[in-house]
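Good morning, and thank you for joining this presentation.

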Amino acid sequence: MALVLDFLNTVDLDLHTDVLDDPAGWQGWLATRALADDQHTRATRDGLRAAIGCRAAPPAPPATVHIELVAGIPTLVATTATGAVLAAATRLAVLGEWDRVKICPAGDCRWAFFDRSRNRSRTWCSMRVCGNREKARTWRERAKLA
């Protein structure tokens, strides 16, 4: 789950940064995870973000993933960023937790987060920041109309 979220959050709309646009930053991101770069990285990230954000987008491109026995347990293994992220996303889907990966609806945030609520109803990445800001905005608009 952490790999999927880290990958989805390589773009930060609030700070106007994108790790994929920074060659040194992207190589550092890959190095800390012992992954190799591939040509489908941006398309994979954008496709996954669109899939969980409920927007239409091209699907993530295919990636090569192998099944290996690791300590006697069948495990999805990949060496590229695309393969590793798609393998991790597949694990979430198999566990029935893919729908817990969400994108914050705040227009200036759009941060990916994992919904740990019991009924899977969390909306905001942070109630203290994005949720509070949105509720205050809604209240001000209602107060103006009254």
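This is a predicted model: local features need pLDDT of at least 70, side-chain atom pairs count only at pLDDT 80 or more; totals for chains, interfaces and linings use all residues.

Which backbone nitrogen does the side chain of D115 reach? The side chain of D115 reaches the backbone nitrogen of S121, at 3.2 Å. Residues are numbered from 1 along each chain as its sequence is written, and side-chain values use heavy atoms, with hydrogens and water left out.

Let us stay with D115. This residue is found in the loop between β6 (112-114) and α5 (127-145); helices (H or I, at least four residues) and strands (E, at least two) are DSSP runs, numbered from the N terminus. D115 is buried, with a relative accessible area of 0%, where buried means under 20% relative accessible area, exposed over 50% and partly exposed in between (1.4 Å probe, protein chains only). The side chains of D115 and S117 are joined by a polar contact of 2.6 Å. A polar contact is a pair of N or O atoms within 3.5 Å; within protein, one must be able to donate a hydrogen and the other to accept it, and residues adjacent in sequence count only if both atoms are side-chain atoms. Leaving aside neighbours within four places in sequence, D115 is in contact (heavy atoms within 4.5 Å) with R100, K102, R120, S121 and R122.

I turn now to T82, in helix α4 (residues 81-94). T82 counts as buried at 2% relative accessibility. The side chain of T82 makes a polar contact of 2.7 Å with the side chain of D38. Beyond neighbours within four places in sequence, the residues in contact with T82 are D38, H40, T41, T44, P61 and A63.

Next, the cysteines. How many disulfides are there? The count comes to zero, a disulfide being a pair of cysteine sulfur atoms within 2.5 Å. The sulfur of C104 has its closest cysteine sulfur in C130, at 3.7 Å, so the two are too far apart for a bond. C104 is buried, with a relative accessible area of 0%. For C109, the closest cysteine sulfur is in C125, at 3.6 Å, which is likewise too far for a bond. C109 counts as buried, at 12% relative accessibility.
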